[in-house]
Amino acid sequence: MKIKNICCIGAGYVGGPTMAVIAQKNPEIKVTVVDIDENRINSWNSEDLTKLPIFEPGLDKVIKESRGRNLFFSNEIKKNIEESEMIFISVNTPTKTYGEGKGMASDLTFVELSARKIAEVAKSDKIVVEKSTLPVKTAQAIKNILDETSSGLKFEVLSNPEFLAEGTAMRDLEVPDRVLIGGEQTDSGHDAINALVKIYSAWVPQKNIITTNLWSSELSKLTANAFLAQRISSINSLSELCEHTGADVDEVALAIGMDSRIGKKFLKSSVGFGGSCFQKDILNLVYISKSLGLEMVADYWHQVILLNNHQRERFAKNILKTLYNTVSGKKIAFLGWSFKKDTNDTRESAAIYVADMLLSEFANLDVYDPKVTENQIYKDLKYLKSRSEKENKDLLKVQNDPYKTCKDAHAIAILTEWDEFIELDWKKIYKDMKKPAFVFDGRNLLNKDELDKIGFKYRGIGKL
Ligand code: NAD
Ligand code: UGA
């Protein structure tokens, strides 16, 4: 099948950047990203490229190059599905908050709605591509819906999980370690796989494009995230041991990471991993394992999450304990709110949970993040339902200047590793703080010796 038109359902952190790069590299294919969220589509179409709905370094340049040429953002879902030969499903698949599998399983409502919409409006055969991260065997459900609810058309379902990380998404898309495409092992399945391989071949070397069966592809995505998160929980577990023994977790990470069998990536100890996917995908893996009666497998992976929760809690408790067991009425400055640097995404950010614990102790928090809006910060806290919106607003203020944030604070907590925090005038900050002036560095971002020399009481993760 020759692909002339692609439609992507879901204009989020994955749909937007992924399709922007596909369009950039395949100027002869028309790529349209559709979404039910009108505001999001309007933002994607914004003339002012600083107003794109997501902040991702380098994204504006690619959008500028392709938008209006062969890349389009639209609310016309039906029309674009109908006109396209290949349809990507890139909708959100959050953890279920209700019913069977609550708090564990992935909520596939949006995926099912997308499949039903495709079946409803399609007038010709289609290749449907799972771009969202999905439980293994979802392709079967999608295929059933398509086959049972359309009027005799032929659908091929492919799994093409996305491995980009936020903050480095453009580079990850430009030079991916691998592109993974799973499909049915039939003649028509192979044809569909080849059609997608051709699109990626426009810029990805053949050796980096892997093709597998559907289930290997679906399961590999969950596995990749589980392995990455597991490394962080492993090093974070050691950070606690370091704090009790005098070992330094960054030195340990360096020493073990130089063993080429271990490797140095994803060994940075922190206040805990966040982001929309690690927790969600591991919980999903745990749920699938439990559903199959594989309790040992489920328990093994669940521990990665429990350790991460423990790390966030430990960080908050350490602040409380160090500030003489009370933070009530004390000002604590939060530097950073996003779940990592170079993104405005706050989903599952450790900052939210640390803030919540300190607010429950009646601390006064002032928060500064270079990219996260005030509205988003209050929304994140509201979602936890720990206290009323008014109480959150009374206790937590959002600032747009880091110096004002830290002025008169009893302690500073660094929650995100934004580069600009390294460059701050730490002498000035020290002068304006209450003494003793504590810094709790949840990212081991700053230089302990320099801060101690200024007079700060510096506490990193996994070091004395
Ligand atoms: P997102 O929430 O940013 O975007 C999803 C979009 O889908 C939203 O704009 C929503 O309005 C839209 N949507 C939902 N239902 C729809 C429907 N029926 N019709 C049209 N639009 C609909 O989510 P995301 O971060 O882009 O993640 C999407 C998927 O990709 C998830 O499965 C996630 O696990 C996976 N993933 C995410 C990342 C990441 O870095 N964020 C990386 C790899 C994989
Ligand atoms: C992660 C994966 O890296 C991507 O491959 C995957 O596609 C994506 O999830 C997804 O499926 O959504 P992302 O969550 O965007 O990407 O960012 P990461 O760089 O993986 O960071 C996740 C969290 O772990 C962040 O909070 C980060 O600060 C933390 N982290 C990361 C550490 O604490 N230590 C590390 O060494 C690395």
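I began with ligand 1 and found one of its oxygen atoms 3.0 Å from a polar backbone atom of Tyr 13. I took a polar contact as a pair of N or O atoms within 3.5 Å. The model is predicted, so local features need pLDDT of at least 70 and side-chain atom pairs pLDDT 80 or more, while totals for chains, interfaces and linings use all residues. Residues are numbered from 1 along each chain as its sequence is written, and side-chain values use heavy atoms, without hydrogens and water.

Ligand 2. I found 20 residues surrounding it, with Phe 163, Leu 164, Ser 270, Cys 277 and Arg 443 the closest. A polar side-chain atom of Lys 221 is 2.8 Å from a ligand oxygen. For Lys 340, a side-chain N or O atom is 2.8 Å from an oxygen of ligand 2. Lys 268 uses a backbone N or O atom, 2.8 Å from a ligand nitrogen.

Helix pair. I then turned to helix 9 (residues 214-245) and helix 12 (residues 295-322), which pack at about 45° with axes 9 Å apart. Helices are DSSP runs (H or I, at least four residues), numbered from the N terminus. Axes are lines fitted to C-alpha atoms over the stretch in contact, with angles from 0 to 180 degrees between N-to-C directions.

Note on methods. Chains lettered and ligands numbered in written order. Helix = DSSP H or I, 4+ residues; strand = E, 2+ residues; numbered from the N terminus. Polar contact = N/O pair within 3.5 Å; in protein donor to acceptor, adjacent residues only side chain to side chain. Near = heavy atom within 4 Å.
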